[in-house]
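Dear colleague,

I am passing on the structure below, and I would be glad if you read the notes that follow it with the model open beside them.

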Amino acid sequence: MAVATQLPRWDMDVLFPGLTSTQFEAAVQELGQGLNSLEALFAAEAIDKGNANDAAFDQVIQEFNRVLEHTRLVNGYVQAILSTDSRNQIAQAKASEIDNQLASVRKLGKRLTAWVGGLDVDALLARSEVARAHEYVIRKAVIGALKLMPTDLESLASDLELTGKNAWVKLHSNVTSQLAVPLNGENVPMSAVRALAYDADRNVRRQAYESELVAWKTAEVPLAAAINSIKGEVNALCERRNWASPLDEALFGANIDRGTLDAMMQAARESFPDFRRYMKAKAKALGLSRLAWYDVAAPLGGDEQAWEYDQGMAFVRDQFGNYSQKMADYAQRSFDENWIDVPPAPGKVDGAYCMGVRGDESRILMNYKPSYGSVSTLAHELGHGYHNLCLADRTYLQRGTPMTLAETASIFCETIIRQAVLETGTSAQRLTVLEASLQGSTQVVVDITSRFLFEQSVFEQRLKRELSPEELCELMLDAQRQTYGEGLDQQALHPYMWAVKGHYYSGRSYYNFPYMFGLLFGLGLYSVYQQQPEGFQERYDDLLSSTGLADAATLGQRFGIDIRSVEFWRGSLDQIRA
């Protein structure tokens with residue numbers, strides 16, 4: 001199976017000519033010098049827990065923002081090289097070098113949090129314009145400071161991350177991106193094999209699925225070691241930092257509370273019968289008694305349009321333009337300046353992501369297939385990039401957007417193009433897009449719930465001991481049975497989704513429920529746009545620029561949204577039901 005090579009690759013040379021270039025080496029040295037200067041400033045001004053003097057606050061925050069901005073550029077460049085070619089040994093070495101500097105950044109961040117936690121915040125806000133501009137960050141730091149270990153232990157924890165959590169994260173990325181799957185006499189990249197889930201031929205899908213499971217079996221031992229180690233480390237640190245659970249820590253980082261999560265998850269569980277009804281309808285349309293896992297992404301065959309990349313680009317840009325010229329111009333700039341790495345390739349990580357690299361610039365990684373699903377993913381990732389554009393005038397600390405709100409723009413942009421096809425497309429196109437939309441919503445509501453349940457079980461079990469690959473597979477199957485239910489063939493589920501999803505290995509706990517929040521919150525916002533279009537674009541852009549300046553409940557109130565009410569989440573799910 002040939003891997004596509006004619007599709008565009010992203011241009012990283014405008015950032016640096018290469019990993020061994022004098023420009024990149026100078027940038028790495030500048031980062032080191034910036035960290036040394038910041039360390040010296042912290043020492044000179046006694047930026048540590050117990051010192052209640054805030055005289056140096058403005059200088060410290062401004063310098064910290066500057067160092068963080070430079071870190072984003074240097075680390076983003078290296079991670080972009082690695083995510084498109086994990087076999088690049090120079091990039092691996094540079095990433096390890098920068099990991100040491102990132103550990104220094106984390107140490108300084110914890111010291112800053114501990115220091116701010118001991119200040120008279122109201123007096124500081126009264127006298128400092130810089131403080132007022134960072135009020136939400138400061139007030140959150142006051143709470144975060146209560147969850148920190150003593151400074152020497154936090155420093156040790158940051159150092160040990162390099163050989164602990166970070167090393168296991170890197171292992172998962174390297175193993176999965178380099179895993180070759182024997183298929184039809186060839187060794188095929190895992191990302192390309194997983195792309196066959198979208199093939200119209202059921203035999204092709206089934207064969208790819210079966211080959212994929214065999215390949216994951218060969219890698220299960222190191223991947224089980226990785227997930228056990230990451231979750232064990234999180235459990236240990238949560239206990240020492242007095243978090244009730246990893247979930248409580250995750251909710252704090254997501255800028256929502258337990259009441260919000262419970263309301264959303266209640267509405268999600270209530271919707272499962274409707275999603276199962278959709279899965280049964282799709283099975284019937286495909287001439288099947290029940291969908292297998294490898295049928296979930298199968299095309300229905302109504303729309304014969306292949307959605308080649310050039311067509312997808314033009315469609316997304318034009319539909320963005322029907323919403324706002326600013327959004328269309330942003331998409332066109334992303335295409336013109338080659339910010340997107342499009343095709344699957346050996347050594348390239350699976351999936352898609354968007355990351356800001358400097359100013360208002362982003363880079364988007366995809367593994368594009370000629371399907372509407374990939375066009376929707378393109379719009380989704382461009383939504384993240386548009387969010388970065390709206391955040392560009394904020395300082396680094398002001399841009400600290402949690403995942404719950406980070407999905408707002410991406411879901412909104414997906415909805416724009418979906419509505420366009422449903423309103424203007426042919427009957428066959430509408431069927432294809434409707435099915436792709438329902439399939440995506442099933443992933444973000446049903447599958448995300450299964451991932452949430454799985455992770456919850458792993459954290460609980462990991463308090464007692466390590467889990468074997470077989471036990472991890474059984475926990476995953478149990479979570480899929482609870483959520484997909486009779487919507488899928490119970491004998492053809494995917495026991496290795498714990499190995500597939502890099503989210504479990506990101507070092508962040510519960511990298512799942514924020515996606516559901518993003519989908520349903522984004523749908524709620526789109527509903528507001530439909531009902532009150534006058535002046536919406538400006539208010540929406542202002543919301544995107546403020547996602548690091550307030551919690552999710554406060555930002556939702558700007559649009560009359562109460563995220564702690566189960567009725568709001570039911571209303572968003574009603575749009576999917578419709």
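Helix α15 covers residues 325-336, and because 12 residues at 1.5 Å a residue should span 16 Å, the 16 Å between its end C-alpha atoms agrees with expectation; the expected span is 1.5 Å times one less than the number of residues. Helices (H or I, at least four residues) and strands (E, at least two) are DSSP runs, numbered from the N terminus. This is a predicted model, in which local features need pLDDT of at least 70 and side-chain atom pairs count only at pLDDT 80 or more, while totals for chains, interfaces and linings use all residues. Residues are numbered from 1 along each chain as its sequence is written, and side-chain values use heavy atoms, with hydrogens and water left out.

The buried residues of α15 (under 20% relative accessible area, with exposed meaning over 50% and partly exposed in between, for a 1.4 Å probe and protein chains only) are Met327, Ala328, Tyr330, Ala331, Ser334 and Phe335. They cover an arc of only 160° around the axis, taken from the directions from the helix axis to the C-beta atoms, which means that they lie on the same side of α15. On the other side of α15, Gln325 and Asp336 are exposed. The cover over the buried residues includes α14 (309-323), β3 (340-341), β5 (361-365), α16 (372-391) and α18 (408-424).

Leucine 382, with neighbours within four places in sequence left aside, is in contact (heavy atoms within 4.5 Å) with residues including Tyr330, Ala331, Ser334 and Phe335.

Best wishes
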